[in-house]
Amino acid sequence: MAEDSQPILRFEGVTVEFEGTPVLADVSFEALPSETRVIFGAAGSGKTVLLKTALGLIKPDRGKVYVFGRDLTLLPERELFDIRSKVGMLFQEGALFDSLNIEENVAYPLLYQKAVRCAAEQVHSRVVEALDFVELGSTLEKFPSELSGGMRRRAALARALVTNPPLILCDSPTAGLDPITSYTIMALLVKARDVARTTTLVVTHRYQDGNLIANFRYNSEQGRLEPARNGAGREVRTTFMVLREGRLVFEGEQRELEAAHDPYISKFVKQRE
């Protein structure tokens, strides 16, 4: 297998139990470089637990989790910190620090994740670059309370991207946002994928989010998204997953998802606009 096709993330028969009740049950999949995995599922189906397990915040009761080829289940906490420094995490609602301004929020991983090893004189320029990437370059001195919900989510995305991570985990990045702002957030994730070739896991309840990721590409020359036509963008891949009561009940391409006859799986398609 070629080096660039080695999985960035791999679950092998992962089971996570809370008080004896499985919240993930024998889940197996792998995410390749530049691939995006869109994860659907009802509330309580295990979507957020899957992301936390991928980040090493939750250890599986059974099975193995490999990130960048390393088995997280065998690593001590100190080495897990090094792995996490290479993973961008976009939490629900953004999870910015209210007492820090936007520059300080975005700089936080550069300053306090030792494995990042960013020279002090480079921190400001890296922060500016990340905020410019999400079109928030004028907000450095503002506090989260001074920004709209969509702007806070974009600032949180800048913080997730500032370390140039090869893997990004997004927990409901468009939850609670209006359709226009939701489009902006997803467009930025597509931009990150196509510019930096990130591997991305996106938990969402909106079929529109997955549809945009699967069918649009970022044109760096034009500075905007455009539909993928005539085979353009085949070097990137979008895979859809559906969780039900902790089990992976669907894994495949968009056309396969739309053709599914299972009522539970198909209900996530019906929200398409």
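Me: Is Tyr-108 buried, partly exposed or exposed, and what's its relative accessibility?
Reply: Tyr-108 is partly exposed, at 34% relative accessibility. On that scale buried is under 20% relative accessible area, exposed is over 50%, and partly exposed is in between (1.4 Å probe, protein chains only). Keep in mind this is a predicted model: local features need pLDDT of at least 70, side-chain atom pairs count only at pLDDT 80 or more, and totals for chains, interfaces and linings use all residues. Residues are numbered from 1 along each chain as its sequence is written, and side-chain values use heavy atoms, with hydrogens and water left out.

Me: How do the rings of Tyr-108 and Tyr-112 sit?
Reply: They form a tilted pair, with centres 4.6 Å apart and planes at 40°. Rings of Phe, Tyr and Trp (its six-membered ring) pair if their centres lie within 6.5 Å; planes under 30 degrees apart are stacked, over 60 edge-to-face, and the rest tilted.

Me: How far apart are those two in helix α3?
Reply: Tyr-108 and Tyr-112 are 4 residues apart, about one helical turn. Helices here are DSSP runs (H or I, at least four residues), strands likewise (E, at least two), numbered from the N terminus.

Me: And Tyr-112, buried or exposed?
Reply: Tyr-112 is exposed, with a relative accessible area of 55%.

Me: New topic: which residues do ring pairs link into a cluster?
Reply: Phe-40, Tyr-207, Phe-240, Tyr-264 and Phe-268.

Me: What lies over the face of Tyr-264?
Reply: Arg-244 does, at 4.8 Å from the ring centre. The rule is NZ of Lys or CZ of Arg within 6 Å of the ring centre and within 35 degrees of the ring normal.
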